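Hi everyone, thanks for coming. Let me put the structure on the screen, and then we can walk through it together.

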Amino acid sequence: MTTVEAAPYTVEEVCERFDPVMGLEVHVELNTATKMFCGCRNEFGAEPNTNICPVCLGLPGALPRVNARAVESAVTIGLALNCSVRERSGFARKNYFYPDMPKNFQISQYEDPIVFDGYLDVPLDDGSTWRVEIERAHMEEDTGKSLHMGGATGRIHGADYSLLDYNRAGVPLIEIVTRPIVGAGTRAPEVARAYVSALRDVVKGLGVSDVRMDQGSMRCDANVSLMPKGSSTFGTRTETKNVNSLRSVERAVRYEMGRQAGVLLSGGTVRQETRHFDEQSGTTSPGRAKETLADYRYFPEPDLVPIEPSAEWVEGLRKELPERPWERRARIQSDWGLSDEELRDLVNADALDLVAATVDAGASSESARSWWVSYLAQQANTQGVALTELAITPEQVARVIALVSEGTLTNKLARQVVDGVLAGEGSPDDVVAGRGLAVVSDDSALTAAVDEALAAQPAVAEKIRAGKTKAAGAIVGAVMKATRGQADAARVNELVLERVGASS
Amino acid sequence: MSSADNGPGAEDLTRLDAAELARRVQAREVSSVEVTRAHLERIEAVERTGLNAFLHVAADAALAAAAAVDDEIAAGTVRGPLAGVPVAIKDNMITRDMPTTCASRILDGWRPPYDATVVRRLREAGLVPLGKTNLDEFAMGGSNENSAYGAVRNPWDPARVPGGSSGGSAAATAVGETPLALGSDTGGSIRQPGAFTGTVGVKPTYGTVSRYGLVAFSSSLDQIGPFGRTVLDAAMLHEVVGGHDPCDQTSIDAPLPPVVEAALAGARGDLAGVRVGVVNELSGEGFQTGVLSAFTDAVRVLTELGAEVVEVSCPSFTLGLPAYYLIAPSEASSNLARFDAMRYGLRVGDDGSRSTDEVMSATREAGFGAEVKRRIMIGTHALSAGSYDALYGKAQKVRTLVVRDFSAAFERCDVLVSPTVPTTAFPIGDRVDDPVSMYLADLCTIPANLAGIAGLSVPCGLAAEDGMPVGLQVMTPALADDRAYRVGAAYELARDTASGVPFASTVPDPAALQGAS
């Protein structure tokens, strides 16, 4: 049976009749060196089925052991989200059959998640904040990946065969679950996006995950329901999966609000189901039909003992928490005197941390900013890598800037030095020495070069002598060429005028 | 090679206990290769009678391992107290050089890529693995009749079961196919077959022997332990495999109780000052007469050795059996979910016409035996949303009560004793159609598993009415396993002194019987 979806209403139309309620479940893959319950490497993009062992393959007899670093990351995330940390927190098994899950159960947490009852104050576009309450965050292991071959959709139905890659099986995940977000009205899609965005920034600032939605290291499931305006009884919700970008979060919520309103306003009822978001069309469609609620038969994981973080350890982690990203941004904006637009450019270019580190290494914010957003950004673009992946450190950039300001390098020479560093020729000082790039500041050497150039172009020398000082540019150019650009052009100009005796 | 090569009247090495074999091998009075070869021949002779204790015999690998130990001993290196002594391994422990089947069709063709921690420790200590022993499928059963590879027979009477689930290890040890064997005990699976075959079987304190590489039946109850024909032998094997293992997070990071020292002390001294509690709920009505009288005699011997015997009551123990038969299947239903044809073992119906779910179902339907399916269904039901609180949840509460009853009893007593099983070994086929009567065989052994404490079964004579062995169970608080060895060793010596003959030497020889017929 095919269901024809009603045409979506706009968010404004929906909110004339309904109040939206959202619940967001975000999975964050931790960037620990090893997996959640074994010593296999946790890395993205390795050859299929190379980072596997008896434990993460769920071979008979193999037993899990908890990655202490993952627990630390989970607690850190919880603290950053103002959560309480449970004194005694256990693992549980979530039982269901699926080929990409080696044991046919997932080790997760159920009744006693490691952190709970927190909130995140989310900055919205208009400068206000929205408090999103966090119900819990718990640890679990990721599944492997199924690759469905053949068929048109890449989904399991209609595939000719499927391939399984267990490299991701057992990668540590933190699932962060909000309490129902009520009262956002027409701003619900924006609040959803802003929350996921703020969460991404917070987690990134903690350094515990790459939080790349495009690579799946951050994934969002959006639960949406509508209740008649004025009611406080939640409607039936749907859970939309495959929401793989911030923009998609907003679009998926908006679409579901419109779709559900359509269903309700035409006298229908919303089915509780899992839906799949389609990036192309911006719509959602029903996933696997679940006529009955899945019964995961949770029970305490008997192979693991509960985790009991000590209060001292937790307080130690709390002290290490970094500044919240938006608070830090506000501070930086005022310290450096940036306009909103300049700040946004820096953030969008992913350059804020690099510039800040360059400033920390002694450079002025103007020059640091200029290097990173122009020349270095171009180089990254040419190389096809992220700015952060360029083979130059903020300290090295700061050193180049210092060499320019003390007169050892011109800006043009400085770019050559940077090129040398990027080419692996060593530190900026190594490149200056290796390529012989320091400014020629010895007047006698420059005077000789000026004399040579004047002798080569007597007609020009005559013009200058006759008072056409602008003609000196040709001589300066010749000298710069002869010194391979290592001269200070202003000084050369002075010397030219001096030598022809044109300076009144 | 036939036994004639040992020369007329040569001593039968398969009659010696492990401690004596170890002494002789390490003193170079006999080589490990000779000892190993004698046991391999014994296996061949006994298995020919249909005992069916072994699922896999690794003759070449065993002889090679024995030769390596001999070379080391010749060079002056002795890996450990049991270096050079053969051992058999229950086939639910992972071995990288031998198949691991759990006596189930569903693991057909699987060759594991790693060794269980206990197997690694056996090898490191210079023991010689002879092969893998038969069991009830996935250790689910008390008679060894649930093996996909056929029932094991009891050496004392081939028409009877050897007990289970470690029936192969128990029978092989009793009959001299091996001096030592490893078993696993979830609700009595070492102690019960120990009692049925007249061997010593021990379930150590939960968490003192690593479960890494033991194919899980019920993770919170499973425990690996030793079989031997003497208490000292069991203690020596216990020390080889026991101790903390970081690969098992339920493994206790504490020194292993000094079990060998305790076994030696027990055989030297008396039991003066030891307070022994007889558990009221674990004897009496419904127990076989011969079992009760053998048990009463054993308690009398303990008194004569100086122990102070008191009666204790542990009311919750009567609830242990039903609680166990909810908790164990619940965990099993989850543990056995991984057998789905996707990665290893049997695959049925993968002809291109079936979906993944259908192949999984067809494989599990064909690959699991009836008892395993029964327990998966019970467990799945007990964990399901509508039943969890009333079944699994309530069973866990009973477990807490059992722990409390033990704690109270151990305030008054150093050890608790009971018959290991209410009956002696029953005839093959007798209980297969009545699972509940089969489950009753675990009545006395289950409380120790629920509480995670230690239990030892030592033979205490034969039941008058059927001539089958009876076991005396000695239970101790967690991490006090040494007390069971002390009491067991003292009792064992008194028993043999009274009868004038080592009990272990009285087991009938199936090979000789068949030769005579």
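Let's start in chain A, where Ala92(A) has Ser108(A), in strand 4, as its bridge partner. Before going on: this is a predicted model, where local features need pLDDT of at least 70 and side-chain atom pairs count only at pLDDT 80 or more, while totals for chains, interfaces and linings use all residues. Residues are numbered from 1 along each chain as its sequence is written, and chains are lettered from A and ligands numbered from 1 in the order in which they are written.

Back to those strands. Strand 3 (residues 92-95) and strand 4 of chain A pair antiparallel over four bridges; strands here are DSSP runs of E, at least two residues, and helices are runs of H or I, at least four, both numbered from the N terminus. Pairing takes at least two DSSP bridges between two strands. The open sheet has three strands in the order 4-3-15, with antiparallel pairing. Strand 4 (105-108) and strand 15 (299-300) of chain A each have a single partner strand, so one side of each has no neighbour in the sheet.

Now over to chain B, which has an open sheet of eleven strands with mixed pairing, in the order 1-3-2-4-6-5-10-11-9-7-8. Which strands stand at the edges? They are strand 1 (54-57) and strand 8 (308-312) of chain B, each with a single partner strand, so one side of each lacks a neighbour. Further in, strand 10 (residues 454-462) and strand 11 (residues 469-476) of chain B run antiparallel, joined by seven bridges. Ser457(B), for instance, stands opposite Gln473(B) in strand 11.

How do the chains meet? 23 residues of chain A are in contact with 31 residues of chain B, contact being C-beta atoms, placed from the backbone, within 7 Å. The chain A side has 13 nonpolar, four polar and six charged residues. Here Ala, Val, Leu, Ile, Met, Phe, Trp, Tyr, Cys and Pro count as nonpolar, Asp, Glu, Lys and Arg as charged, and the others, Gly among them, as polar.

Last, confidence. The model scores ipTM 0.95 and pTM 0.86. Chain B has a mean pLDDT of 95, with 97% of its residues at 70 or more; pLDDT is the predictor's confidence in each residue, from 0 to 100. Over residues 1-6 of chain B, though, the pLDDT is below 50.

Technical notes
Two residues are in contact if their C-beta atoms, placed from the backbone, lie within 7 Å.
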